[in-house]
Amino acid sequence: MKLSIIGTGYVGLVTGTCFAEMGHDVTCIDIDAAKVERMKKGECPIYEPGLEPLMQSNYKEGRLHFANNYDSVTKAEAIFLAVGTPSSDDGQADLKYVFGACDSIIPYLQDGSIVVVKSTVPVGTGNKVREYIKGKTNKKFYVVNNPEFLKEGSAVDDFMKPERIIIGAQEIEAAQRIDDLYEPFNRQVKRTIHMSNISAEMTKYAANCFLATKISFMNEVARLCDIVGADVEEVRHGISTDSRIGSQFLYPGPGYGGSCFPKDVKALVFTAKEHGARFKIVEAVEEVNKEQKKYLVSKVKKHFKDDLKGKTFVLWGTAFKANTDDIRETPAIDTAIALHQAGAKVRFHDPEAADNFEKLMGQMNIPVDQFENKYDALNGADGLLIITEWKQYRAPDFEEIKSRLKTPIIFDGRNLYNTKKVLEMGFTYYAIGKAI
Ligand code: UGA
């Protein structure tokens, strides 16, 4: 099939590259000409494991193209909208890029073109997009919602091994053609699920908000464990053996971040309010997450009896999670701001996201020092804070850490270490809900 993908953010680029890998003829379109040129040279604009070599091989073999214009849309059977839907100040998803992309493709649409909304869009947007385009063209087109469920850091794998593929459409012929596109994934088990446009949109929000709820729930369990003296790791293991609960997304931490959960939680709360209702659980999920992002620093403050003035702390990890250079809504931001406001100096290390974090802190006027070597960052510092669960931090040389820090203290926001061993090595150790 010939496909056009509008927007080469992580969703668009991963979708386009993986469809090309499956044998389709794909053109990825972006309004940023410089970015398009870089991609033509084989450069991947984001850090996503496995994506760059796949981009390069498919480009070389002529199945993947990059363009700064919309010409390819004319021949495309399906045009995927994979543009951003950032939050407005009130939590509403801003659809200017979605409708902007519609304006760009309308002149190129043909009878039978399928416009596929891949971006996460508020419930009802697919139908609005249909009405919007209908008002501007006489061609007979279709609008399908096909939300994505990729996780940053494992996006290529998630695309290639999907658990389910949601196809939301009004007309059965359009739904069937998108089903055909995903046919290779349906061979062993039928993974495509058909529904209305509006249900597809709701499915995406319900999924992300449910996962965010699991995390906030566990973060609150962890906080209570700290108070009552239970160990959240034992509790997590205990409950996850119940198949109704499952074992994933039960890890307490420094609060969820990224480009999806924070935005989608806000958007669902907004959608409910817009319709005169309240989504109280999801409102609480957001509230709990805000508190959680302050939790690790509250432990630092408690340890140092609220006197952080002139002290130096080191963040290991600034990405919102491991295997990405994405720092959007990362708990590292709240942590660095809180430490700075308390008068402390902040150093940090991150294998991939360091430059992005340094730039953001610069824009926010928060002084931070970047270190290329994770141990060098510790020299003479008053404490180490683990923010991201990068593999590089999982089994460090603890003697090295001890010899570099002024006093051996670790505040572990990801519960990476074995409490008993770390304590035996002479560290003062704080974690999330481990009742130390
Ligand atoms: C999330 C969803 O998991 C994807 O299914 C979805 O497609 C994507 O949003 C999206 O809407 O585009 P992503 O934001 O890439 O994916 O990352 P996650 O792996 O879900 O992690 C989100 C945040 O939750 C991270 O800050 C992570 O550290 C945190 N988290 C995750 C926890 O604190 N505990 C956990 O047990 C799991």
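Two strands are taken to pair if DSSP finds at least two bridges between them. The exercises below apply this to a predicted model.

**Exercise 1.** Determine which strands pair with strand 4 (residues 78–81), and in what sense.

*Solution.* Begin with strand 1 (residues 2–6), which runs parallel to strand 4 and is joined to it by 4 bridges; within this pairing, Ile5 has Phe80 as its bridge partner. Turn next to strand 5 (residues 114–117), which also pairs with strand 4 in the parallel sense, over 4 bridges, and in which Val117 stands opposite Leu81.

**Exercise 2.** Decide whether the faces of strand 4 are covered or open.

*Solution.* In a regular strand the side chains alternate between the two faces of the sheet, so each face has to be examined separately.

**Exercise 3.** Describe how the two assigned domains relate to each other and to the ligand.

*Solution.* The domain assignment gives domain 1 (2–195) and domain 2 (210–430), whose C-alpha centres lie 33 Å apart. At their contact, 14 residues of domain 1 meet 15 residues of domain 2, and the domain 1 side comprises 6 nonpolar, 6 polar and 2 charged residues. The shell around the ligand takes at least three residues from each domain; of its 20 residues, Glu152, Tyr251, Tyr256, Gly258 and Cys260 come nearest. Helix 8 (residues 197–228) gives the most to this shell, with 3 residues.

Note on methods: Residues numbered from 1 in each chain as written. Predicted model: local features only at pLDDT ≥ 70, side-chain atom pairs only at ≥ 80, totals over all residues. Domains from an automatic or database assignment. Contact = placed C-beta atoms within 7 Å. Nonpolar A, V, L, I, M, F, W, Y, C, P; charged D, E, K, R; others polar. Near = placed C-beta within 6 Å. Helix = DSSP H or I, 4+ residues; strand = E, 2+ residues; numbered from the N terminus. Buried ≥ 20, exposed ≤ 12 C-beta atoms within 10 Å, placed from the backbone.
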